[in-house]
Amino acid sequence: MKKIILILGLLLLVGAGGAGAFFYMGEKAAPAEGEPVAEVVEEETAPIFVKLDPPLVVNFTHRGNLRYLQTTLEVMHRDQEVVDDISLNMPVIRNNLILVLSDQSFEDLNTKSAKEDLRVKISETIAQTVPAQPPVEVFITSFVMQ
């Protein structure tokens, strides 16, 4: 008799646990009026990087001395068509970037904020040749001045 009562007690306990789990873990109710609805986030595609190779080299005259800037850039986008357009237009992009780089002041490029401003100018310059939404991201992977 004690075994039967013990078994019935265990069944009751397991049943109550299952019912509780069902109510607490079941489907969530619809959001109330005015409550924000969670948006479905689309999975982003992997970033595609294009290295501008060989490095870009420009010269400056600084206090009567000839100085050089050598920089390596990589551009990134998630759309293969945009990356293909970058590769297709690489001669135009490199030409425009050399013009932008050679227009910089040697003194100004010694600051971090100037390098960030230059990165933005480079991005804008590429966007003139290859417009994309979102715009192409630019990374300065090497920056040597002497």
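Predicted model: local features only at pLDDT ≥ 70, side-chain atom pairs only at ≥ 80, totals over all residues.
Which residues are exposed on the other side of helix α2? They are Glu-81 and Leu-88, where exposed means over 50% relative accessible area, buried means under 20%, and partly exposed lies in between (1.4 Å probe, protein chains only).

Residues are numbered from 1 along each chain as its sequence is written, and side-chain values use heavy atoms, with hydrogens and water left out.

**The chain as a whole**
- You can find four helices and three strands here; helices (H or I, at least four residues) and strands (E, at least two) are DSSP runs, numbered from the N terminus.
- Their order along the sequence is α-β-β-α-α-α-β.
- Of the 146 residues in the chain, 24% are buried.
- The chain exposes about 10900 Å², and carbon and sulfur atoms supply 58% of that area; accessible areas come from the Shrake-Rupley method with a 1.4 Å probe, and for residues only the protein chains shown count as cover.
- Contact means heavy atoms within 4.5 Å, and among contacts between residues at least 6 apart in sequence, 71% join residues at least 24 apart.

**The hairpin**
- Strand β1 (residues 48-62) pairs with strand β2 (residues 65-77) in the antiparallel sense, over twelve bridges; two strands pair if DSSP finds at least two bridges between them.
- Asn-59 has Tyr-68 of β2 opposite it.
- Two residues lie between the strands of this hairpin, and there Arg-63 takes a positive phi near 55 degrees.
- In a regular strand the side chains alternate between the two faces of the sheet.

**Helix α2**
- Val-82, Val-83 and Ile-86 are the buried residues of helix α2 (residues 80-88).
- Viewed down the axis of α2, these buried residues fall within an arc of 100 degrees, so they line one face of the helix; the arc is that of the directions from the helix axis to the C-beta atoms.
- The buried residues of α2 pack against β1, β2 and α3 (90-102).
- At the start of α2, Asp-79 brings a side-chain oxygen to within 3.0 Å of the backbone nitrogen of Glu-81.

**Ser-123 in helix α4**
- Ser-123 sits in helix α4 (residues 112-129).
- With a relative accessible area of 17%, Ser-123 is buried.
- Leaving aside neighbours within four places in sequence, Ser-123 is in contact with Val-136 and Val-138.

Conventions: Polar contact = N/O pair within 3.5 Å; in protein donor to acceptor, adjacent residues only side chain to side chain.
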